[in-house]
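Subject: Structure handover

Hello,

Here is the structure for you to look at. Please open it alongside the notes.

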Amino acid sequence: MVTATWTAGIALLVIGGWFARGAVAEARGLDRVVALSNVFFAMPLAVFGAEHLAGDKGILSLVPAYMPWRLFWFYFVGVALVAAALSIAARVLVRWSGLLVGVLMSLAGLQKSALEWKRRRRFCPSCGHQLRGRRCACC
């Protein structure tokens, strides 16, 4: 799994650098870093997508048990993240990619919040233990 994430990050850096070479050549000083901003934004998406595609069981356990086709959704999100990362790094349909990744992340967050609200339980974002008061007992 570690190899997949490193490979995805380095590959996206190379691909994004290739597509941004004109903008980097025209820029001067710190503007060269700004010319690579799409690449730096897309790298974590590619790494997280590669983590999904590598079949990490820890991430698979985060898919709720009530969802049908859990394995499909696990790999679908991985492919979606990698596709969005490539689109953003290559500056092709960036608005659609950003919008759809935002929708994906929002749905994941809303699903988790709705599930916790339904159960009337709150969980610590650091360790995952159930909160009994305002603070986590173990953190």
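The notes below cover confidence, helix packing, a loop residue and aromatic pairs.

This is a predicted model, in which local features need pLDDT of at least 70, side-chain atom pairs count only at pLDDT 80 or more, and totals for chains, interfaces and linings use all residues. Residues are numbered from 1 along each chain as its sequence is written, and side-chain values use heavy atoms, with hydrogens and water left out.

Confidence

The protein chain has an average pLDDT (the predictor's confidence in each residue, from 0 to 100) of 83. At least 70 is reached by 88% of the residues. Helix 6 has the highest confidence, at 91. Strand 1 (residues 122-123) has the lowest, at a mean of 70. Helices (H or I, at least four residues) and strands (E, at least two) are DSSP runs, numbered from the N terminus.

Helix 4 with helix 6

Helix 4 spans residues 37-53 and helix 6 spans residues 70-90. Their axes are 7 Å apart, and the packing angle is about 160°. Axes are lines fitted to C-alpha atoms, for helices over the stretch in contact, and angles run from 0 to 180 degrees between N-to-C directions. That angle makes helix 4 roughly antiparallel to helix 6. The classes are roughly parallel under 35 degrees, roughly antiparallel over 145, roughly perpendicular from 65 to 115, and oblique for the rest. The crossing is left-handed (the near helix is turned anticlockwise from the far one by less than a right angle; clockwise is right-handed). Ala, Val, Leu, Ile, Met, Phe, Trp, Tyr, Cys and Pro count as nonpolar, Asp, Glu, Lys and Arg as charged, and the others, Gly among them, as polar.

Helix 1 with helix 4

The axes of helix 1 and helix 4 come within 8 Å, crossing at roughly 150°. That makes helix 1 roughly antiparallel to helix 4. This crossing is right-handed. Helix 1 contributes Ala8, Leu12 and Gly16, among others, while helix 4 contributes residues including Phe40, Met43 and Val47. The tally for helix 1 with helix 4 is eleven nonpolar, four polar and one charged.

Helix 1 with helix 6

Helix 1 covers residues 2-19, and its axis comes within 8 Å of the helix 6 axis at roughly 30°. Helix 1 and helix 6 are therefore roughly parallel. Leu12, Ile15, Gly16 and Phe19 of helix 1 meet Ala85, Leu86, Ala89 and Ala90 of helix 6. By class, that contact has seven nonpolar, one polar and no charged residues.

Gly55

Gly55 sits in the loop between helix 4 and helix 5 (57-60). Not counting residues up to four places away in sequence, Gly55 touches Phe74 and Tyr75. Gly55 and Tyr75 are 20 residues apart in sequence, but 8.1 Å apart in space, C-alpha to C-alpha.

Aromatic pairs

The structure holds four aromatic pairs (ring centres of Phe, Tyr and Trp, its six-membered ring, within 6.5 Å; planes under 30 degrees apart are stacked, over 60 edge-to-face, the rest tilted). One of them, Phe72 with Phe76, is stacked, at 5.7 Å centre to centre and 25° between the planes. Being four residues apart in helix 6, Phe72 and Phe76 are separated by about one helical turn.

Best regards

Definitions and conventions: Contact means heavy atoms within 4.5 Å.
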